[in-house]
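Subject: Structure handover

Hello,

Here is the structure for your files. My notes on it follow below.

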Amino acid sequence: AFATLRRFHRRIVLLAECTFPEGRNHLKTIIMEGKQFTPSEAKQFSSIASTRRGSVAAEEDSKTAEKKDDFGMVSMAALFKYATPTDYVLILLGAIGSVEVGLSQPIMIVLFADIMGAASGSTAGDIEQQINDTVIKFIFLGAITGACGWLYAACFKITGFRQASQWRKRYLKAILRQDIEWFDVNNANELPSNIAETTQKIEEAVSSKLGELVRNLSQGIGSVIIGLFYSWDMTLLMMALSPLAMGGTWVLQWATRTATTLIQSAYAKAGGIVTESLGSIRTVAALQGEEVTLRKYDENLDTANAAGVTRSTRVGFANGLLFSSGNAMVGAGFLYAGFKIAKDMEDSTDAEGLNCMDRDNCPTVGGDYLVAMFGVQVGAQALGVLEPSITAVTAARASAAKIQATTRRVPKIDIQQVGKRTLGAVDGLLRFANVHFAYPNRPELPIFAGFSLTVEAGTVAALVGMSGS
C-alpha cells in the first residue's frame, strides 16, 4: 500500500508503519503510523506530508541550482572565441547587408518626399518626369534591399551554425572528460538537453539576433542623421516624442513574449499530468484518482485559457499604444510644420501680396518636414525592438561562461593527462585508512568520517548502508 500511495502521488512520504488490519479489505482501511485511515484520508495525509517535504526539497534544489548555474558572463570577444577568418568574412558581409536593409527605411521616406515635392511642379510634363525618375529609384532600392536582406540573413545563419558546432563539440568533449565528482552535481539525464539549449542560445546570438541588432541600430541612427540633415528643428521635436513610439514597440514585444511563455508553461504542466497518469493508469484506477487527475488537468487548461485571454488583452493594448503613439507623433509634426510654413509665408509676403510659396523660395518645404517627421518615427520604432536582440546576446554570454567553466575544469582523475601509466595485473589487499568523504552536492552531510577497512586479497566483502542498499 505504501508503494501504491507513493507511485500515485509521485512523492516520498516517510511512514513509520503501513499495515492492513487482518481480515479487512485493503481498499477500505489502511493503518499508517498506528492509526487507521480510509484510502481518501490516507491520500490526504500523504499529500500534506509530501507537500511539506516537497517544498523544503524544492527550496534546497533551487538554491543548489542557483549556486551551480552562477557562472557570470564572458566578454563579447569571447563569444566569438571559435570564429575562423571565414566566419569573420561572413560577419562582415552580413553586417554590410543588415546596415543597408536598416538604411533602406529612411531612404524610402526620402524618395516618398520627392514624390510629394514633384506634385508642386509647374507643368504636367515636369511632374510626370520627376515621378517616373523617383519610381525607378524605388525599384532599384527594392532590388538592392532584397539582395542585401538575403545576404545578411544567409551570412549570419551560416556563421552561427559554424560557431555553434565548435562550441557544441568542445562542450561535449569537456563533459566526457569529467570524473564522477562532476556528474554528482550535474544530472546526466539533463546533459543532452543542456548542451542543445546552451549552444542554441549562442547560435541565435551570433547569427540572427546579431543581424537584427545591427539592422535596427543602423535604421535608428540613420533615420536621425537624415532627419537632422533635412530639418533639424522637426527632428528635435520628433526625438522629444520618440519615447512614445519606442515604448509602444517595447510593450508589444513584452506582451507577446510573456503571454506566450505563460501559455506554454500551462500546457506543459497539463501534458505532464497526462503523461504521469497514463504511465500509472493502474494505480490511478485502483485508488479511484480519476476525478482528482481530471481536476488537476482542467485547472491547468483553465490557466492556459486565462493566459490566452491575458495575451489578447495585452497585445491589443500594446497595438493600440503603438499606433496611437505614432499618430500622436505625426499629429504633433503636422501641427509644427503647418505653423512653420504659415510663419514663413507671412514673413515673406511683399507689397504685392506674393509670398515665398508663390516665388518657390521658402526656407523649408513640406517634403523636408515629411522626411524628418516619418524618418525619426521609424527610427524610434527600430530602437524600440533592440531589447530582444540585447537579451539574446546577454543570454549567450552567460551560456558561453557556463561552457567555459566546464572546458577549463581539470578533473582529479584526468583521462587526458599526459604521461599517465596503465597498471598491469593487480594482486593485493585493499585498504581504506581514516577516509573522510561527503558528496559534492551535500558537503554538510558526511558519508565517511574516519572510515577504515581492510579487505584481504581473494576475499569477498559486502558494504551495506543504513537503508539496506
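The chain exposes about 28,500 Å². Carbon and sulfur atoms supply 61% of that area. Accessible areas come from the Shrake-Rupley method with a 1.4 Å probe, and for residues only the protein chains shown count as cover.

This is a predicted model: local features need pLDDT of at least 70, side-chain atom pairs count only at pLDDT 80 or more, and totals for chains, interfaces and linings use all residues. Residues are numbered from 1 along each chain as its sequence is written, and side-chain values use heavy atoms, with hydrogens and water left out.

Overall layout

The chain has 14 helices and five strands. Helices (H or I, at least four residues) and strands (E, at least two) are DSSP runs, numbered from the N terminus. Of the 469 residues, 33% count as buried. Buried means under 20% relative accessible area, exposed means over 50%, and partly exposed lies in between (1.4 Å probe, protein chains only). Take the contacts between residues at least 6 apart in sequence: 76% of them join residues at least 24 apart. Contact means heavy atoms within 4.5 Å.

Nonpolar cores

A nonpolar core is a set of buried Ala, Val, Leu, Ile, Met, Phe, Trp, Tyr and Cys residues joined through side-chain atoms within 4.5 Å. The largest one has 26 residues. Leu79, Phe80, Trp167, Ile175, Ile202 and Ala400 touch the most other members. The elements that give two or more residues to this core are α3 (76–79), α4 (85–118), α5 (124–177), α7 (191–206) and α14 (386–407). Helix α5 gives the largest share, six residues.

What does Trp167 touch, leaving aside its neighbours within four places in sequence? It is in contact with Ala78, Leu79, Lys81, Tyr82, Thr199, Ile202, Ala400, Ile403 and Gln404. A second, separate core has eleven residues, including Met238, Ala245, Met329 and Ala337.

Thr134 also sits in helix α5. It is buried, at 5% relative accessibility. Beyond its neighbours within four places in sequence, Thr134 is in contact with Leu111, Asp114 and Ile115.

Salt bridges

There are six salt bridges. A salt bridge is a side-chain nitrogen of Lys or Arg within 4 Å of a carboxyl oxygen of Asp or Glu. Side chains of opposite charge can pair when their charged atoms come close.

- Arg162 and Asp87 meet at 2.7 Å, N to O. The pair links distant parts of the chain: Arg162 is in helix α5 and Asp87 in helix α4, 75 residues apart. Asp87 is buried, at 2% relative accessible area. Arg162 is partly exposed, at 33%.
- Lys412 and Glu181 meet at 3.7 Å, N to O. Lys412 lies in the loop between α14 and β4 (430–437) and Glu181 in helix α6 (residues 180–185), so the pair ties together parts that are 231 residues apart in sequence. Lys412 is exposed, at 71% relative accessibility. Glu181 is partly exposed, at 29%.
- Glu212 and Lys209 meet at 3.6 Å, N to O. Both lie in helix α8 (residues 208–230), three residues apart, about one turn of the helix. Lys209 is buried, at 16% relative accessible area. Glu212 is partly exposed, at 25%.

Aromatic pairs

The structure holds eight aromatic pairs. Rings of Phe, Tyr and Trp (its six-membered ring) pair if their centres lie within 6.5 Å; planes under 30 degrees apart count as stacked, over 60 as edge-to-face and the rest as tilted. Phe229 and Tyr230 are edge-to-face, 5.4 Å centre to centre with 85° between the planes. Phe229 is exposed, at 69% relative accessible area. Tyr230 is partly exposed, at 29%.

Phe437 and Tyr439 have ring centres 5.2 Å apart and planes at 75°, so this pair is edge-to-face. Phe437 is partly exposed, at 33% relative accessible area, and Tyr439 is partly exposed, at 39%. Ring pairs also link Phe432, Phe437, Tyr439, Phe448 and Phe451 into a cluster.

Surface patch

Val89, Leu92, Leu93 and Ile96 make a nonpolar surface patch of about 350 Å². Patches are made of residues with over 30% relative accessible area and no salt bridge: like charges are joined within 9 Å, nonpolar side chains (Val, Leu, Ile, Met, Phe, Trp, Tyr) within 5 Å. Leu93 lies in helix α4 and is partly exposed, at 34% relative accessible area.

Best wishes
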